[in-house]
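Have the model open as you read.

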Amino acid sequence: MKIASQNVDVLSSSPKSPKGSLLPEYHIKAPAGGKVPAPGMGVKHVRRQHSGKHIRVKKDGAGGKGTWGKLLDTDGDSHIDRNDPNYDSGEEPYQLIGSTVSDPLDDYKKSVVSIIEEYFSTGDVELAASDLGDLGSSEYHPYFIKRLVSMAMDRHDKEKEMASVLLSALYADVISPAHIRDGFFMLLESADDLAVDILDAVDILALFLARAVVDDILPPAFLARAKKALLESSKGSQAIQTAEKSYLSAPHHAELVEKRWGGSTHFTVEEVKKKIAYLLREYVESGDTSEACRCIRQLGVSFFHHEVVKRALTLAMEIRTAEPLILKLLKEAAEEGLISSSQMVKGFSRLAESLDDLALDIPSAKSLFESLIPRAISEGWLDASFVKSSDEDVDVGSKDDKLRRYKEEAVTIIHEYFLSDDIPELLRSLEDLGTPEYNPIFLKRLITLAMDRKNREKEMASVLLSALHIEIFSTEDIVNGFVMLLESAEDTALDILDASNELALFLARAVIDDVLAPLNLEDIANRLPPNCTGSETVRMARSLIAARHAGERLLRCWGGGTGWAVEDAKDKIQKLLEEYESGGVVSEACQCIRDLGMPFFNHEVVKKALVMAMEKKNDRILDLLQECFNVGLITINQMTKGFSRIKDSLDDLALDIPNAGKKFTLYVEHAQKKGWLLPSFGSASAAAAADSSVLLAVAS
C-alpha cells in the first residue's frame, strides 16, 4: 500500500484515476526501446503498435491519441435547438414518473379485514352487514367468507361462534348462496396452508362446515361435490370426512354442533324467544313504537323475525286492549323494511298451524285470527298471497270443514311423529282419519314441514314415505302429492331458500327407496309447466339418480340420519337369517327382527329369506316367515312386497340359481295357501314366474 501510494502519479495517466488504488503486481516484458518498470509498479492496458510505441488507455476506454475514443463520446457539449429544422421533440430529455396501480381485489381484502376486526370487537351484526354492503364488489364475497373463517380459526371460541352467526345473518340477504359455497371451497383448498399455522385446522374447519350445514347455509350435497374436487390426501378432504363422520352423523348432531363453541356471546333460540317476549310486553306498557323497532333491530336476528310476528299476534289475542298497538308495531316494522314480507307471511303461517293449541287457552283464537288477516292485507303489511297459501295450509274461513279438520289433524300427527319417531302409531292415526282421498295433501304437508326443519326430520320424512307407500298410499297418491309440492315450489322458496335442491333430493330419494319408479318422474314433469321451478327440480332429481353410486349417496343425503341404518339393517337381516338357518330358534329370530325397529323394511326380511331358501335348498326358513306372519310381525303388505321384489329380480337370480323360477312358483302357491299375500298378487305373479321357468328351460 505504501509503494502504491508513492507511485500513484506514475500508475495513472488519467486525471480521473482514484488515488490509493490497490493493484496487483504484474511483471511484463519491456517493449523494444523501453524501460522495465520499477518493482511494485502496476501496469494497465498496454496497447502495442507496429511502431513499437505503447500508449496508455484512458479510464472507461476513452483511450488517447490514435484511439477511437469513449463510446458515444463527443468533442464538446451539445444542446438541442428547437429552432433547428431537424429538431425532433423525441430527443428532448424526459423523466419516468412511477405510479402505483391499485388492485381492486387487494383493496377489498384490506377493507374486509378492518370490517371483521371491528365486528369481533363490537359484535354488531347489522353494522358488519351494512359495511360489507357499502363495499360493493359482490363478486369478491367468497374472499370475505374465506378471510372471516380463517381469522376466526386462529382465535377463541367466542370469535368462532360470532363468525358462524355472521354468516347466517349475511346468507341470501347480503351474500348469495353460490358465493357462500365458493368461499367455503376456497377454504378447503387452502386447508393445507392453514394447517401450517393452526395445528387443529382440520378439526376446526370441519366444525365450521358442519355448523354451516346445520344452519342451512350450505346444502349437505356440497360436501360430496367438494370432496370429489379435492385430492384425497389433502387437508380439505380430511376436513370434509371429519365433518361427515364426527359431527353430522352423530345423534342429535344439530344441538351438539350449535353448542360446541360454548360460552360465546351468541344468543340461543330460547334466549332470543325470551327477549322477544320481554320487548313486546315492554312495548304494550310503554306504547313507544320506535323504541320497540330499535330493540327488534338490536337483536340482530332478521332471519328469526317470524317469531316476533307470531308472538305479537298471540299477545294481541291474549290482551285485547293491546291489539291496536300490536298492529301498529307490525305495520311500522313492515313499512320500514325491518320485517320482510316473507318473514311476515311465515309468522302468520306458524300461528295458523298452532291455532288448535292456542284455542285451549284463548277460545276465540280462530275467529280473532280470521279477523286480523283481511285488515293486515288491506293495510298493505301482509302479502295477499297468504290467503292463497292459507287455503292450502290452514283453510281459514274455508267452507270445506272436512278438509280443514284433516289438515289440522295431519299437522298434529306429523309433529308427534317427529317427536316420537313411531311409524306404527302414525299409520294407525292416519287410518283412523279414514280419508284416503286426502293422502296427497298429507304427503305435501309432511315434506313441507320437514324441509323447514333439521336433517333428522328430513330423513324421518323419507323413511315414513317408504312405510306409507307399502301400507297405505298408492303410487298415484305419491305422484299427486309431489305434483302439488312442485306446483307451489316458487312460493315455498320464499321461506325455504334451498327448497328446489331439497325437493330434488326428496324426489330422487323416493326413487331409490322404490316409492316411485323412474317413469313416474316423467309423468310428474308432464303435469308441470315446461319452464317452471318445479320442472327444473325434476330435471335436477334425474341428474342425482343418474350419478355414479347414486343409491348409496342418496340414502345418506341427509347427513347420516336413520338413512345410515338401512345398510346396517340389511347386514343384520342377513346375519340373523344365517344364524336361524344354521339351527337357530324361531322365537329368537323373531325378536331380532323386532329389535331392528324398522317394520316398514320387513319386506327385506321376506326377500332375503326366500333367496336363502332357494340357495340353501332348505325350506325351514319358511317356518320363520309363517311365525312372523302369525304374530303380526310381518304384515300382509310387507309380505306381498317382499314376494314382488323377488318376482322382479327373477332373471338376475336365475344366473346363480338355475331353478329359481320353479322354486318361486312353489313358494307363491305355499304363501297363497297360508294367506300371506294380497289377492291382487294373484295368478299374474305365478304366471310370470312360470313363464320365466319355461324360458329358462327352453334356453337350457
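A salt bridge here is a side-chain nitrogen of Lys or Arg within 4 Å of a carboxyl oxygen of Asp or Glu. Keep in mind that this is a predicted model. By that rule, the count comes to 23 salt bridges.

Start with Arg 294 and Glu 291, whose closest N and O atoms sit 2.7 Å apart in a salt bridge. Both belong to helix 14 (residues 289-299), three residues apart, or about one turn of the helix. That spacing makes sense, because an α-helix has 3.6 residues a turn and residues three or four places apart point the same way. Arg 294 counts as partly exposed at 39% relative accessibility, and Glu 291 is partly exposed too, at 33%.

Helix 17 covers residues 341-353, 13 residues in all. From first C-alpha to last it reaches 19 Å, close to the 18 Å expected at 1.5 Å a residue. Its buried residues include Met 344, Val 345, Phe 348 and Leu 351, and Lys 346 is on that list as well.

What does Lys 346 pair with? Its side chain meets that of Asp 452 in a salt bridge, at 3.2 Å from N to O. Asp 452 lies in the loop between helix 23 (439-451) and helix 24 (455-471) while Lys 346 lies in helix 17, so the pair ties together parts that are 106 residues apart in sequence. Lys 346 counts as buried because its relative accessibility is 13%, under the 20% cut-off. Asp 452, at 41%, is partly exposed.

## A buried pair and a network

Now look at Glu 459 and Arg 509, which form a salt bridge with their closest N and O atoms 2.8 Å apart. Glu 459 is in helix 24 and Arg 509 in helix 27 (residues 499-512), so this pair ties together parts that are 50 residues apart in sequence. Are these two buried or exposed? Glu 459 is buried at 1% relative accessibility, and Arg 509 is buried at 2%.

There's also a network: salt bridges with shared partners join Arg 320, Glu 323, Arg 375 and Glu 379.

## Two other spots

Asp 154, Asp 192, Asp 193 and Asp 197 form a negative surface patch. Asp 197 is in helix 8 (residues 191-197) and counts as exposed at 66% relative accessibility.

Ala 312, in helix 15 (residues 305-318), is buried at 0% relative accessibility. Its C-alpha is separated by 6.2 Å from that of Ile 326, 14 residues apart along the chain.

Methods:
Residues are numbered from 1 along each chain as its sequence is written. This is a predicted model: local features need pLDDT of at least 70, side-chain atom pairs count only at pLDDT 80 or more; totals for chains, interfaces and linings use all residues. Side-chain values use heavy atoms; hydrogens and water are left out. Helices (H or I, at least four residues) and strands (E, at least two) are DSSP runs, numbered from the N terminus. The expected span of a helix is 1.5 Å times one less than its number of residues. Buried means under 20% relative accessible area, exposed over 50%, partly exposed in between (1.4 Å probe, protein chains only). Patches are made of residues with over 30% relative accessible area and no salt bridge: like charges are joined within 9 Å, nonpolar side chains (Val, Leu, Ile, Met, Phe, Trp, Tyr) within 5 Å. Accessible areas come from the Shrake-Rupley method with a 1.4 Å probe; for residues, only the protein chains shown count as cover. Lys and Arg count as positive and Asp and Glu as negative; His and the chain ends are not counted. The place of a charge is taken as NZ of Lys, CZ of Arg, CG of Asp or CD of Glu.
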